[in-house]
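This report describes selected features of the structure shown below, from local contacts to the pairing of strands.

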Amino acid sequence: MDIKTYRFPEKREWPAIACRQKPGAPEQVKNIVASILADVRESGDLKVLEYVKALDGFDTDACGLKVTDAELNAAESALDDSLKNAVRTAAENIRSFHEAQKTEDVVVETMPGVICRQKNIPIDRVGLYIPGGTAPLFSTVLMLAIPASIAGCGKVILCTPAGKDGAVSPAILYAAKICGVTEIYKAGGAVAVAAMAYGTQTIPKVDKIFGPGNSFVTEAKQQVSQYCAIDMPAGPSEVMIMADSSADPAFAASDFLSQLEHGKDSQAILLSTSERLIDGVARELEIQYAGLSRKSIIDASVLRSSAVLLRDEDEMAAFANFYAPEHLIIATENYSRTVEKIRNAGSVFLGNYSTESAGDYASGTNHTLPTSGWAASCSGVNLSAFMKKMTIQEISRSGLETLGPVIEAMALAEGLDAHANAVKVRLSR
């Protein structure tokens, strides 16, 4: 397996090396998604059922879209105890970390008689999209449903595609059940996004949609965002590994490959100050690749990936901040010092033993993260993503007597005399 290697590139060359997939969906995808959204918005269940039959391959009536209690119970019975134990352990860790993110309301008397508050309020209705297909992401159920529960969201619904037999992945159903999500619908792709954004006779409208997906799901979320909030812009998954001579090549190669198997458009970039380390990783990639099952996917995604030899730790940190990776592994001798130089990353993994897979599944941090450079300005999903902050103010007469002249002066300077009058009227009483 050959990966492109760049040796001591100048900064002007960095954009080409760090180039990702061209942003935005192809015009054909945009048009298909727009058509699906318009159909579902206009005809509701009728079009959802038509698309489910055409795209997912199973035929049902509207009642059959909703997963039943019997299906939930059967899913639990279908899984072996070791997997159920693993899911429960991961859920406990994710819950612990997200519980700790709770914050108190803010109350400040900014000046005598002027009290300002900021109140945390859970979003009323949230929709979770969980991909199915060849890799049903039951771990994403935990990452989204647990913080929604902790936040206190009033209604949580989940959409996920079913197979041609009309059955949903048992692991997805079990994860949903232990998170307390029982309102689950068999719809996938842009169809599910449309149903949650607009609402149908069967699938409720939500206030915010969370969850990853393919190019059709991503485009659908972008197009409905004027009607319904979404978690974040999403793109192909990615990892950047910063490693010096102290790193273990086998460990770095394993994380490189684990990211590449996500999809044909995934990307992995290795940064190192050691050419010997880069050579060692290249050898390990060949060895480990031989035993993997998703070779066709890795064969495509490795073409987007590379290794970059840089001069020192500072240059590695600068390159990482420039790229703003979704996942950043720092396997350097002084990783605690190195991480202090990082400003742009979705989630960071420190040291040789902090594999990116831990964050994907069970350490407790959330794996729903900004991609495509959005880590420069966006956070990954966390407890606050399921909440909104409302400000409240209470002003006494004496407070307005003090603050009023400030308001009047500013309002009149902007030419908004009615704003100034709202103060005058009160103080004239």
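Ser 258 is found in helix 10 (residues 249–260); helices (H or I, at least four residues) and strands (E, at least two) are DSSP runs, numbered from the N terminus. The model is a predicted one, in which local features need pLDDT of at least 70 and side-chain atom pairs count only at pLDDT 80 or more, while totals for chains, interfaces and linings use all residues. Residues are numbered from 1 along each chain as its sequence is written, and side-chain values use heavy atoms, with hydrogens and water left out.

With a relative accessible area of 16%, Ser 258 is buried; this term means under 20% relative accessible area, whereas exposed means over 50% and partly exposed lies in between (1.4 Å probe, protein chains only). The side chain of Ser 258 reaches the backbone oxygen of Asp 255 at 2.9 Å. When residues up to four places away in sequence are not counted, Ser 258 touches Glu 356 and Ser 357, contact being defined as heavy atoms within 4.5 Å.

An open sheet is formed by 5 strands in the order 6-5-4-7-8, with parallel pairing. Its edge strands, strand 6 (184–186) and strand 8 (229–230), each pair on one side only. Two strands are taken to pair if DSSP finds at least two bridges between them.

Within this sheet, strand 4 (residues 125–129) pairs with strand 5 (residues 155–160) in the parallel sense over 5 bridges. The bridge partner of Arg 125 in strand 5 is Lys 155.

Strand 2 (residues 106–111) and strand 3 (residues 114–122) pair in the antiparallel sense over 5 bridges. Val 108 stands opposite Cys 116 in strand 3. The hairpin has 2 residues between the strands, and Gly 113 takes a positive phi near 85 degrees there.

Strand 2 is hardly covered, since the count of buried residues among its 6 residues is 0.

## Aromatic pairs and charges over rings

Rings of Phe, Tyr and Trp (its six-membered ring) pair if their centres lie within 6.5 Å; planes under 30 degrees apart count as stacked, over 60 as edge-to-face and the rest as tilted. By this rule the count comes to 6 aromatic pairs. In one of them, the ring centres of Phe 210 and Phe 386 are 4.0 Å apart and the planes lie at 10 degrees, so the pair is stacked. Phe 210 belongs to strand 7 (residues 208–210) and Phe 386 to the loop between helix 15 (356–361) and strand 14 (387–395), so the pair ties together parts that are 176 residues apart in sequence. Phe 210 is buried, at a relative accessible area of 0%, and Phe 386 is buried, also at 0%.

Elsewhere, ring pairs link Trp 14, Phe 319 and Phe 322 into a cluster. Arg 20 lies over the face of Tyr 323, 3.7 Å from the ring centre, and the charged end of Lys 295 sits over the ring of Tyr 289, 5.6 Å from its centre. A charge sits over a ring if NZ of Lys or CZ of Arg is within 6 Å of the ring centre and within 35 degrees of the ring normal.

## Salt bridges

The structure holds 17 salt bridges, each being a side-chain nitrogen of Lys or Arg within 4 Å of a carboxyl oxygen of Asp or Glu. One of them joins the side chains of Arg 311 and Glu 10 (3.6 Å, N to O). Arg 311 lies in the loop between strand 11 (306–309) and helix 13 (313–323), and Glu 10 in the loop between strand 1 (4–7) and helix 1 (14–17), so this pair ties together parts that are 301 residues apart in sequence. Arg 311 is partly exposed at 45% relative accessibility, as is Glu 10 at 36%.

Other salt bridges lie within helices. Asp 81 forms one with Lys 84, the closest N and O atoms being 3.6 Å apart; the two are 3 residues apart in helix 5 (residues 81–99), about one helical turn. Asp 81 is exposed, with a relative accessible area of 53%, whereas Lys 84 is buried at 11%. In helix 16 (residues 397–413), Arg 397 and Glu 401 are 4 residues apart, about one turn of the helix, and their salt bridge has its closest N and O atoms 3.2 Å apart. Salt bridges that share partners also join Glu 313, Asp 314, Arg 337 and Lys 341 into one network.

Technical notes. Polar contact = N/O pair within 3.5 Å; in protein donor to acceptor, adjacent residues only side chain to side chain.
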